[in-house]
Amino acid sequence: MEVPTRRPAARLSAALIRSPLSPGKYHDGGGLGLYLLVKPSGARSWMQRIIIQGRRRELGLGSPPVVTLAKWTCPENVESTN
């Protein structure tokens with residue numbers, strides 16, 4: 001399996017996410033650890049890098065049609081669990 005290549009950091013936008021993208025990682029450029037992973041099959045998913053007990057982890061957050069960019073980049077859009 002080919003390892004996805006890293007893309008230059010640039011602010012993600014809804015238009016960019018909807019456009020055809022080559023396989024790789026598309027970072028948000030905002031320091032949130034958020035990126036869009038595009039697989040060779042064309043499947044897309046949101047990922048977020050975090051550190052747990054000193055080790056880097058990558059969490060899957062869902063696919064773009066289900067989870068929007070605004071949901072993950074604007075704290076006021078995140079639903080409360082209370």
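**Figure 1. Tyr26 in strand S1 of the predicted model.** Tyr26 is one of the residues of strand S1. Its relative accessibility is 11%, so Tyr26 counts as buried, the cut-off being under 20%. The side chain of Tyr26 comes to 2.8 Å from the backbone oxygen of Ser22. Val38 lies 12 residues away from Tyr26 in sequence, and the C-alpha atoms of these two residues are 7.9 Å apart in space.

**Figure 2. The largest nonpolar core.** Nine residues make up this core: Leu12, Ile17, Leu21, Tyr26, Leu34, Leu36, Val38, Trp46 and Leu61. Strand S2 contributes the most to the core, with three residues. In soluble globular proteins, nonpolar side chains tend to be buried together.

**Figure 3. Strand S1 and its pairing with strand S2.** Strand S1 covers residues 24–27 and is buried on both faces. Gly24 and Tyr26 are buried on one side, and Lys25 and His27 are buried on the other. S1 runs antiparallel to S2 (residues 34–38), and four bridges join the two strands. Within this pair, His27 stands opposite Tyr35 of S2.

**Figure 4. The turn of the S1–S2 hairpin.** Six residues separate S1 from S2 in this hairpin. Gly29 in the turn has a positive phi of about 75 degrees. Gly30 is also placed in the loop between S1 and S2. With a relative accessibility of 40%, Gly30 counts as partly exposed. Gly30 and Leu12 are 18 residues apart along the chain, and their C-alpha atoms are separated by 9.0 Å.

**Figure 5. The open four-stranded sheet.** The strands follow the order S1-S2-S3-S4, with antiparallel pairing. S1 and S4 (55–62) stand at the edges and have a single partner strand each, so one side of each is left without a neighbour in the sheet. From one strand to the next, the twist averages 35 degrees. Strands of a sheet pair through backbone hydrogen bonds, either parallel or antiparallel.

**Figure 6. Ser45 in strand S3.** Ser45 lies in S3, which spans residues 44–52. The relative accessible area of Ser45 is 18%, so this residue is buried; the cut-off is under 20%. Apart from neighbours within four places in sequence, Ser45 contacts Tyr35, Leu36 and Leu37, and also Gly62, Ser63 and Pro64.

**Figure 7. Strands S3 and S4 and the loop between them.** Seven bridges join S3 to S4, and the two strands run antiparallel. Ile52 has Arg55 in S4 as its bridge partner. Gln53 is found in the loop between these strands. Gln53 has a positive phi of about 50 degrees, although it is not a glycine. The relative accessibility of Gln53 is 82%, so Gln53 counts as exposed, for which the cut-off is over 50%.

Conventions: Residues are numbered from 1 along each chain as its sequence is written. This is a predicted model: local features need pLDDT of at least 70, side-chain atom pairs count only at pLDDT 80 or more; totals for chains, interfaces and linings use all residues. Side-chain values use heavy atoms; hydrogens and water are left out. Buried means under 20% relative accessible area, exposed over 50%, partly exposed in between (1.4 Å probe, protein chains only). Contact means heavy atoms within 4.5 Å. Two strands pair if DSSP finds at least two bridges between them. A polar contact is a pair of N or O atoms within 3.5 Å; within protein, one must be able to donate a hydrogen and the other to accept it, and residues adjacent in sequence count only if both atoms are side-chain atoms. Axes are lines fitted to C-alpha atoms, for helices over the stretch in contact, and angles run from 0 to 180 degrees between N-to-C directions. A nonpolar core is a set of buried Ala, Val, Leu, Ile, Met, Phe, Trp, Tyr and Cys residues joined through side-chain atoms within 4.5 Å.
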